[in-house]
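Hi,

Here is the structure I promised to pass on.

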Number of protein chains: 2
Amino acid sequence: MIKIAVLGFGTVGSGVVEVMHENRVSIAHNAADEIEVKYILARSSHADSPYAHLVIHDFSLIEQDPEIRIVVEVIGGATVAYDYTKRCLLAGKSVVTANKELVATHGQELLAIAKEKNANYLFEASVGGGIPIIRPITQCLAANEIDEIYGILNGTTNYILTEMIQCGTSFDTALRQAQEKGYAELDPTADIDGIDACRKICILADLCFGRHIDPHDVKTRGIRGVDLADVAYARSLGYKIKLLGRALRTGDGHITAYVAPHLIKNSSLLSNVDGVMNGIVVHGNAIGEAMFYGAGAGKRPTASAVVADVIDAAKHLKARKFLGWDEPMPGYVTDADDLVMPWYVRVRASLTAIGTELGNVRFVTRRGAPLDEYAFVTAPMTHRHLHDSLANMEVLSHYRILD
Amino acid sequence: MIKIAVLGFGTVGSGVVEVMHENRVSIAHNAADEIEVKYILARSSHADSPYAHLVIHDFSLIEQDPEIRIVVEVIGGATVAYDYTKRCLLAGKSVVTANKELVATHGQELLAIAKEKNANYLFEASVGGGIPIIRPITQCLAANEIDEIYGILNGTTNYILTEMIQCGTSFDTALRQAQEKGYAELDPTADIDGIDACRKICILADLCFGRHIDPHDVKTRGIRGVDLADVAYARSLGYKIKLLGRALRTGDGHITAYVAPHLIKNSSLLSNVDGVMNGIVVHGNAIGEAMFYGAGAGKRPTASAVVADVIDAAKHLKARKFLGWDEPMPGYVTDADDLVMPWYVRVRASLTAIGTELGNVRFVTRRGAPLDEYAFVTAPMTHRHLHDSLANMEVLSHYRILD
């Protein structure tokens, strides 16, 4: 019998306790031992919960209980969660988390402490919710040199874009719908502005390329400003607008990572990942392209990943999982603005100006466009080059095109 | 330094040796030790190969060399490969394979020997080529009760169907093209008739549901007989025809598994898995739906999975992976003919006969159909029920519909 503690009893925490109970027989089979939740750390008493008798308010009880070998941290944020995680690891307990903010910012340090204490710090649920992605990258693709990873990493923004594309809903209405359905927070900034996707692409890049990337070094642009006019032009081109996090090698020992809306081809599998679902594409030099798809958030899908990590931690109580990456290095992350890609641009300008500044572009039309509005696809160029070329035009929108 | 032997030096074997060499630095990093190919067992000398100096012809050299801790079996088939695998495991060596036939038929026995000898028998490459699927099912989804798994498991048939759907190519021409491109064998029976997909769905079902399924208990129907007329009717309905292997729980302690062409919705992600690619969908009670996509065959993708298993075996030389399933049990596998599903049917019959036998059906049309040809979608029913209802009609085709 292995005893665990759950820190935090919100949506994910209650999902974890629920799945642990519901699937206890198969979990015991898979872990080759029974696993029992001994404590739930929460601020309120949760008197109505069937697990109220497990709720405690004093973290040190968990920290000091030698019977607790595995701790699930689903508090979120990088303050209290950071402190508790560190103390658990220092006490030699393995920690399992869904906390992308904490892993993206302090993952390298926490993994180093785990290693020193012969414990494990596991975070499958921090990227892609329930989708198996951390383990596939680190284990199943271990024979590959990975040169690129990208995907739809945020369900809220994908829901909004899908509504805009499929139903012609405006951004504001789609955001309100997402909030009503519980897919978006009252303050949706972290989702809408790409911050959540940024943390996730950092974790993926850390693992794929082996060195820590500071989220602050990752140019991040969300979906505010994506307009139905852009959706319509993209459709004429045979593309959809999706928010992608992307990381790739840009030369020996260098990588770049960024978050931005992209036009992606209708014929690509990723463009058919709709609603709150996530999809992650990996390119390796042996496997070629692989994609992982599933629910990127939600109570039970996230619990699925957390509990899988608990089982893994239970199976490795005396062993260590090989997980970790090197410390940051100046000059390692190159500027995403230097990536050479084609661009979709919508401007208010004259044909002459466009021709003069950008040469041959591919124009695209939509019904009901104002007479002075032009949308077109440029030749591949850096963002700097594009920016200079557009300096004298009124730019309504510009997005990268993934070909 | 860990020394390994590779049994078989065909497409996959040479891919394994190539990837092992090319990515040796990152492989050593991931395995926390260098891994070196010491022997390649082959019938001919492969004098032109850069690895000719490693080629030997006597298996017992490998069997008796205590330095060899891991053996890669990529001979294929269930005769010589079975003998060698057994002897390696009995000698306490871990074995890694891409051999679906061997795993599907003798997996349970070989895993039991591996367990007894504290060695590992790993077979990620046996299903889905390079796609990570075995490890995700057994580890990442370990917190779930899996109730269903299905997918496009064979690249050859998916290539043929994709050509028929996208280019209007006939079955015979598409098969010839597949042979010319090297996607299909000269004798394409194992692919075309669903035998390959059958072995793979058996392995997936063994792992997902925990008990051995004999491939002979799995009703298997391939894509011979799929006609362009059916492709056209499916299109009118908003569906595509895809060959699926499928296994699901049919009640407490019972499962069913089968291979058959299905009509699947254009809006489903799986219907967009085209050409030689594979896609596998898993339903779990916590994660909901997840999908895994990638190259299901080919030299380097398959090598990617084999070498990942070699790395895993290297990391677990003194430990065991929890992999295995129970022995077969009479009555465990129920007849797929008893599954209740809607059907697509194409007949030469009178409207009256159709109405009398099948009641309200949904008719579908295509351009240029003969006057006495009718195609329709039935209410959900068993295959037996369908069969009886169609007894007095000339049935041109009938396929399951996955809704």
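First, the ground rules. This is a predicted model, where local features need pLDDT of at least 70, side-chain atom pairs count only at pLDDT 80 or more, and totals for chains, interfaces and linings use all residues. Residues are numbered from 1 along each chain as its sequence is written, chains are lettered from A and ligands numbered from 1 in the order in which they are written, and side-chain values use heavy atoms, with hydrogens and water left out.

**A sheet in chain B.** Six strands make an open, parallel sheet in the order 3-2-1-4-5-6 (strands are DSSP runs of E, at least two residues, and helices runs of H or I, at least four, numbered from the N terminus; two strands pair if DSSP finds at least two bridges between them). Strand 3 (55-56) and strand 6 (121-122) of chain B stand at the edges with a single partner strand each, so one side of each has no neighbour in the sheet. Strand 6 of chain B pairs with strand 5 (residues 94-97) over two bridges, and Val95(B) stands opposite Tyr121(B) there.

**One residue.** Val218(B) lies in the loop between helix 10 (195-209) and strand 8 (219-220) of chain B. Is Val218(B) buried or exposed? At 5% relative accessibility, Val218(B) counts as buried (under 20% relative accessible area; exposed is over 50%, partly exposed in between; 1.4 Å probe, protein chains only). Leaving aside neighbours within four places in sequence, the contacts of Val218(B) include Cys198(B), Ile201(B) and Tyr258(B) (heavy atoms within 4.5 Å).

**The largest pocket.** I'm leaving the grid details out here, but 48 residues line this pocket, and Thr11(B), Val12(B), Gly76(B), Lys100(B) and Glu185(B) lie nearest its centre (on a 1 Å grid over the protein atoms alone, a pocket is an open set of points where a 1.4 Å probe fits, with protein on both sides within 12 Å along at least five of seven lines; lining residues have an atom within 4 Å of a point).

Cheers
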